[in-house]
Amino acid sequence: MNPGYAGRQELPENLKAVFRGVTMMVPNRQIIIKVKLAACGYQENDILSKKFFVLYGLCEQQLSKQAHYDFGLRNILSVLRTAGASKRANPDKSEVYLMMRTLRDMNMSKYIAEDVPLFLSLIDDLFPGLKADRAQFPDVSRALEKVATDRGLQLHQNWLNKCIQLYETYLVRHGIMLVGPSGGGKTAIMEVLAGALTELGTKHVIWRMNPKAITAPQMFGRMDPTTGDWTDGIFAVLWRR
């Protein structure tokens, strides 16, 4: 149990009396970041870990409170995985440049419009005078434009940027949530990206499910308490395909 953590259920009061509480220290995220960066081959891991840690601390304090914002270890590790991939793909580029670009691009997709200018100003303060282009995915961009044109969609740059942001998130996350108002282009982004990746040779199929229409055992599966036999749920059956 991890009370107070996003996505976790609080323990009922009658059960709290049965269990003994355990006090745990808050992990030192700066040390974790430093070690992971060093493992990825970053020579300037000390100063970069401090910038990373300070940036996320300021974001927690100054950005608006949204249910989908996450500045915890899970998010930190996904950013570090991308930073490692960037380092391996661009060994000749400045480490500060790669880190700044990764921090910016990996977080921009989740911020609401009002928080974007503040986040960019925080990035500018921590990495003064540094300007970085977005990471380029030329094959994916060409496929996106082709699929969008075939579907009769207009190639708005902001919308195409969101497609690329979803692709970058897809590379480092297993579960992704698209959040936004009706008519904002969420379904189109998902379908066009799936079509573009299929064009590039990796078949992508979209299955639609309504998790509120069925119970959790029906969705994921259940184990028979008597025989110990496992029965796949709908999600498990679709995943095996």
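## The second largest pocket

In this predicted model, the second largest pocket is lined by 33 residues, with His68, Ser109, Lys110, Met177 and Val179 lying nearest its centre. A pocket here is an open set of points on a 1 Å grid over the protein atoms alone, where a 1.4 Å probe fits and protein lies on both sides within 12 Å along at least five of seven lines; a lining residue has an atom within 4 Å of a point. The elements giving two or more residues to this lining are helix 4 (73-89), helix 8 and helix 9. Helix 8 gives the most, with four residues. (Helices are DSSP runs of H or I with at least four residues, strands are E runs of at least two, both numbered from the N terminus.)

As for space, the second largest pocket has a volume of about 1400 Å³, counted as what probe spheres set on the grid points fill. Sort its lining by class and you get 15 nonpolar, 11 polar and seven charged residues. (Ala, Val, Leu, Ile, Met, Phe, Trp, Tyr, Cys and Pro count as nonpolar, Asp, Glu, Lys and Arg as charged, and the others, Gly among them, as polar.)

## The largest pocket

The largest pocket holds about 1700 Å³ of space. It has 29 lining residues, and those closest to its centre are His174, Ile176, Met190, Trp207 and Trp239. By class, the lining of the largest pocket comes out as 19 nonpolar, five polar and five charged residues.

Four helices each put at least two residues into the lining of the largest pocket: helix 8, helix 9, helix 10 (216-220) and helix 11 (234-240). Helix 9 takes the largest share, with six residues.

## Helix 8 against helix 9

Helix 8 (residues 157-172) and helix 9 (residues 186-199) have axes that come within 10 Å and cross at roughly 65 degrees. That makes helix 8 roughly perpendicular to helix 9. For the geometry, axes are lines fitted to C-alpha atoms (for helices, over the stretch in contact), and angles between N-to-C directions run from 0 to 180 degrees. Angles under 35 degrees count as roughly parallel, over 145 as roughly antiparallel, 65 to 115 as roughly perpendicular and the rest as oblique.

On the helix 8 side, Trp159, Lys162, Cys163, Leu166, Tyr167 and Tyr170 meet Ala188, Ile189, Met190, Val192, Leu193 and Leu197 of helix 9. Contact just means heavy atoms within 4.5 Å. By class, this contact has 11 nonpolar, no polar and one charged residues. Met190 of helix 9 turns up here and also among the residues closest to the centre of the largest pocket.

## Helix 7 against helix 9

Helix 9 also packs with helix 7 (residues 138-150): their axes come within 8 Å and cross at roughly 120 degrees. That makes helix 7 oblique to helix 9. The residues in touch are Val140, Ala143, Leu144, Lys146, Val147 and Ala148 of helix 7, and Val192, Leu193, Gly195, Ala196 and Glu199 of helix 9.

## Helix 2 against helix 3

Helix 2 (residues 29-39) and helix 3 (residues 45-62) pack at an angle of about 135 degrees, with their axes 8 Å apart. That makes helix 2 oblique to helix 3. From helix 2, Arg29, Gln30, Ile33, Lys34, Leu37 and Ala38 take part; from helix 3, the residues include Asn45, Asp46, Leu48, Phe52, Phe53 and Glu60. The contact of helix 2 with helix 3 divides into six nonpolar, three polar and five charged residues.

## Overall layout and ground rules

The protein has 11 helices and two strands, running α-α-α-α-α-α-α-α-α-α-β-β-α from the N terminus on. Its C-alpha trace spans about 65 × 55 × 35 Å along the principal axes.

Residues are numbered from 1 along each chain as its sequence is written, and side-chain values use heavy atoms, with hydrogens and water left out. As this is a predicted model, local features need pLDDT of at least 70 and side-chain atom pairs count only at pLDDT 80 or more, while totals for chains, interfaces and linings use all residues.
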